[in-house]
Amino acid sequence: MGATPEEKRRVRQLIKLLRSEYPEARCSLDHTNPLELLVATILSAQCTDERVNAVTANLFRKYRTWEDYASAPASGLERDIHSTGFFRNKAKSIQGACRQIGERHGGSVPRTMEELLELPGVARKTANVVLGNAYQIASGVVVDTHVSRLSGRLGLSGEKTPEKIERDLTAQVPESDWIDFSHLLIAHGRKVCKARNPACGECVLARLCPSAGLFD
Ligand code: SF4
């Protein structure tokens with residue numbers, strides 16, 4: 001379902017305010033190439049970006065190519081990513097994805113949503129992160145816990161599942177802002193509109209937010 005002109009106008013105002021507040025907002029997972037971002041994003045499930053960055057600082061020195069991951073003993077990779085949690089599943093996903101990247105994609109992380117979703121352990125959120133931040137391809141809006149929470153509070157979506165929230169956001173947010181929009185909401189969610197006790201009194205979005213003051 002399409003968004004109304006009023007909804008689109010309001011989102012543009014929100015983006016403008018957030019941009020001036022967080023001009024440096026960007027992907028907070030450290031990476032220097034698409035493979036590193038794919039691995040970091042898989043590791044970020046149920047884990048903070050800070051912890052992932054602490055782990056990948058060493059991991060990316062040890063594993064530089066898809067072959068390094070694919071050929072490593074599972075137990076070794078599990079040990080190297082242990083502190084990110086769910087390490088067995090994550091190691092399995094990383095190794096499966098890397099084998100497929102080597103066998104079917106000539107060693108390069110694919111550039112389409114369809115191909116990315118075929119990689120083991122890669123769901124829509126991970127694919128959106130990789131496409132948007134490694135390739136600057138606006139394939140959708142990344143919906144994580146902050147984006148879900150703020151979308152609800154700001155009246156951008158009444159949905160609960162990431163897929164449906166994303167559908168509401170892509171209808172309202174201009175496509176040219178899809179990549180930045182999640183970085184901006186995440187920055188605001190971390191600093192002001194926290195899960196507990198959002199600081200509505202200090203929030204630049206308050207006059208546009210239907211939830212302003214509800215938490216006092
Ligand atoms: S006004 Fe309050 S609820 Fe709305 S975005 Fe700001 S901090 Fe969050």
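**Exercise 1. The largest pocket**

Task: Determine how the lining of the largest pocket divides into nonpolar, polar and charged residues, and which helix gives the largest share of it.

Solution. The model is a predicted one.

Step 1. Sort the lining by class: the largest pocket has 16 nonpolar, 15 polar and 10 charged residues in its lining.

Step 2. Turn to the space itself. The volume of the largest pocket is about 930 Å³. Its lining holds 41 residues, and those closest to the centre are Ser44, Ala45, Asp49, Lys125 and Asp144.

Step 3. Assign the lining to elements. Two or more residues come from each of helix 2 (34-43), helix 3 (49-62), helix 6 (87-104), helix 8 (124-134), helix 9 (145-153), helix 10 (162-172) and helix 11 (178-191). Helix 8 gives the largest share, namely six residues.

**Exercise 2. The cavities**

Task: State how many cavities of 30 Å³ or more are counted, and describe the lining of the largest cavity and of the second largest cavity.

Solution. 

Step 1. With the cut-off at 30 Å³ or more, the count is two cavities.

Step 2. The largest cavity has a volume of about 110 Å³. Among its 16 lining residues, His188, Cys193, Cys200, Cys203 and Cys209 lie nearest the centre. By class, this lining comprises 13 nonpolar residues, two polar and one charged.

Step 3. For the second largest cavity the volume is about 50 Å³. Its lining is formed by Asn128, Gly132, Asn133, Ile137, Ala138, Ser139, Gly140, Val142, Trp178, Ile179 and Ser182. The classes here are five nonpolar, six polar and no charged.

**Exercise 3. The ligand**

Task: Identify the space taken by the ligand and the residues around the ligand.

Solution. 

Step 1. The ligand takes the space of the largest cavity.

Step 2. Around the ligand are Arg153, Leu154, Cys193, Pro198, Cys200, Cys203, Ala206, Cys209, Ser211, Ala212 and Phe215.

Step 3. Divided by class, the shell around the ligand has nine nonpolar residues, one polar and one charged.

Step 4. Cys193 deserves a separate check, as one of the residues around the ligand. Its relative accessible area is 12%, so Cys193 is buried, the limit being under 20%.

**Exercise 4. Residues in loops**

Task: Is Gly158 buried or exposed, and what is the phi of Gln46 and of Gln136?

Solution. 

Step 1. Gly158 belongs to the loop between helix 9 and helix 10. Because its relative accessibility is 67%, Gly158 counts as exposed, the limit being over 50%. Between the C-alpha atoms of Gly158 and Phe215 there are 18 Å, with the two residues 57 apart along the chain.

Step 2. As background, a negative phi is found in most residues other than glycine.

Step 3. Gln46, which is not a glycine, has a positive phi of about 55°. Its position is in the loop between helix 2 and helix 3, and with a relative accessible area of 70% Gln46 is exposed.

Step 4. Gln136 likewise has a positive phi, near 55°. This residue is placed in the loop between helix 8 and helix 9 and, at 57% relative accessibility, is exposed.

Step 5. Ala138 is also found in the loop between helix 8 and helix 9. A relative accessibility of 26% makes Ala138 partly exposed. The C-alpha atoms of Ala138 and Gly121 are separated by 21 Å, while the residues are 17 apart along the chain.

Conventions: Residues numbered from 1 in each chain as written. Predicted model: local features only at pLDDT ≥ 70, side-chain atom pairs only at ≥ 80, totals over all residues. Heavy atoms only, no water. Near = heavy atom within 4 Å. 1 Å grid on protein atoms, 1.4 Å probe; cavity = no way out; pocket = protein on both sides within 12 Å on 5 of 7 lines; lining within 4 Å. Sits in = over half its atoms within 2 Å of the grid points. Nonpolar A, V, L, I, M, F, W, Y, C, P; charged D, E, K, R; others polar. Points joined across faces, edges and corners; volume = space filled by probe spheres on them. Helix = DSSP H or I, 4+ residues; strand = E, 2+ residues; numbered from the N terminus. Buried < 20%, exposed > 50% of the residue type's maximum accessible area, 1.4 Å probe, protein only.
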